[in-house]
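Subject: Structure handover

Hello,

Here is the structure I promised you. Please open it beside this email and follow along.

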Amino acid sequence: MSELIKDTLPTPTKQRFAAAFRIVSRFSFWIQLALASTSGIALIFAILSRNVGEVPNSVGLSFSIFLAIVGVLLAVFSIVWAFRDRSLARRLQSSDRTIHPRKEEVIQALKIGLIVSFIGMLIAFVASEVSAIAVLSKSLSVPQGVAIYNRQNLIRSLDILVILSNVNLIGTHLIGSITSLGLLEWID
């Protein structure tokens, strides 16, 4: 697959790569920012809706919220890293050759972004699985057609917000990893 990509794409000159790097990092930055913001807002609603004095009725959802917070923090790092990539691209496009970053510096930046995105995607995937299992176990604990008298078995819409937050985090980190991996393949 990578040979097919390398055969179809022209060999990157420094200016051509810098232009693509700048455009891709700009799109990556804004898409990641939008998805991570949506995820963060949904997560804040889910956290603030929980009663503080009440014992958490689902350890799975609590663990999922914790993992989602870690995923959001990794997304923030990934967004800052995408913004840093934009400045690297600007330096590459500069007419002053003394401020051009070395190829190794660009590759290192892309690799760090890729690693953070993969770790974030893994954490968000585990968190979404845990929260989906917690919601499923709540739904299976109540027989169909029976009134719910135990509040612990009630599925709240805010439980679904945790799942939504984690799915958006997967998308956030997927965008970051696709852009980093694509640029790494092109530069090598």
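**What I found**

Ile41 has a relative accessibility of 48%, so this residue counts as partly exposed. The classes work like this: buried means under 20% relative accessible area, exposed means over 50%, and partly exposed is in between, using a 1.4 Å probe and protein chains only.

Before you go on, note that this is a predicted model: local features need pLDDT of at least 70, side-chain atom pairs count only at pLDDT 80 or more, and totals for chains, interfaces and linings use all residues. Residues are numbered from 1 along each chain as its sequence is written, and side-chain values use heavy atoms, with hydrogens and water left out.

**The overall build**

The protein chain has 5 helices and 0 strands. Its pattern along the sequence is α-α-α-α-α. Helices (H or I, at least four residues) and strands (E, at least two) are DSSP runs, numbered from the N terminus. The chain has 188 residues, and 38% of them are buried.

UniProt, in an unreviewed entry, places the feature "transmembrane region" at residues 27–48, 60–83, 112–136 and 160–184. Its positions are given in the numbering used here, feature names are shortened, and annotations may be inferred rather than shown by experiment. Look at two of these spans in the model. Residues 60–83 are 100% helix and 0% strand, with end C-alpha atoms 34 Å apart. Residues 160–184 are also 100% helix and 0% strand. Their end C-alpha atoms lie 36 Å apart.

**How the helices pack**

Start with helix H4 (residues 103–140) and helix H5 (residues 157–187). Their axes come within 7 Å and cross at roughly 155°. That makes H4 roughly antiparallel to H5. The contact of H4 with H5 has 22 nonpolar, 10 polar and 4 charged residues. H4 passes H5 in a left-handed crossing.

Some terms need their rules. Axes are lines fitted to C-alpha atoms, for helices over the stretch in contact, and angles run from 0 to 180 degrees between N-to-C directions. Angles under 35 degrees count as roughly parallel, over 145 as roughly antiparallel, 65 to 115 as roughly perpendicular, and the rest as oblique. A crossing is left-handed if the near helix is turned anticlockwise from the far one by less than a right angle, and right-handed if clockwise. Ala, Val, Leu, Ile, Met, Phe, Trp, Tyr, Cys and Pro count as nonpolar; Asp, Glu, Lys and Arg count as charged; the others, Gly among them, count as polar.

Now take H3 and H4. They pack at an angle of about 160°, with their axes 8 Å apart. That makes H3 roughly antiparallel to H4. Their crossing is left-handed. The contact of H3 with H4 divides into 22 nonpolar, 8 polar and 5 charged residues.

How do H3 and H5 run, roughly parallel or roughly antiparallel? Their axes come within 10 Å and cross at roughly 30°. That makes H3 roughly parallel to H5. H3 passes H5 in a left-handed crossing.

**Salt bridges**

How many salt bridges does a search of the whole structure find? There are 2. A salt bridge is a side-chain nitrogen of Lys or Arg within 4 Å of a carboxyl oxygen of Asp or Glu. Side chains of opposite charge can pair when their charged atoms come close.

Arg91 forms a salt bridge with Glu105, and the closest N and O atoms are 3.7 Å apart. The pair links distant parts of the chain. Arg91 is in helix H3 (residues 59–93), Glu105 is in helix H4, and they are 14 residues apart. Arg91 is partly exposed, at 31% relative accessibility. Glu105 is partly exposed too, with a relative accessible area of 22%.

Arg102 and Glu104 also meet in a salt bridge, 3.7 Å from N to O. Both Arg102 and Glu104 are exposed.

Go back to Ile41, in helix H2 (residues 14–49). Ile41 and Ser165 are 124 residues apart in sequence and 8.2 Å apart in space, C-alpha to C-alpha.

Ala36 also lies in helix H2. Ala36 is buried, with a relative accessible area of 9%. The C-alpha atoms of Ala36 and Asn166 are separated by 9.7 Å, and the two residues are 130 apart along the chain.

Leu73 is in helix H3. Leu73 is exposed, at 57% relative accessible area. Leu73 and Gly40 are 33 residues apart in sequence and 9.6 Å apart in space, C-alpha to C-alpha.

Best wishes
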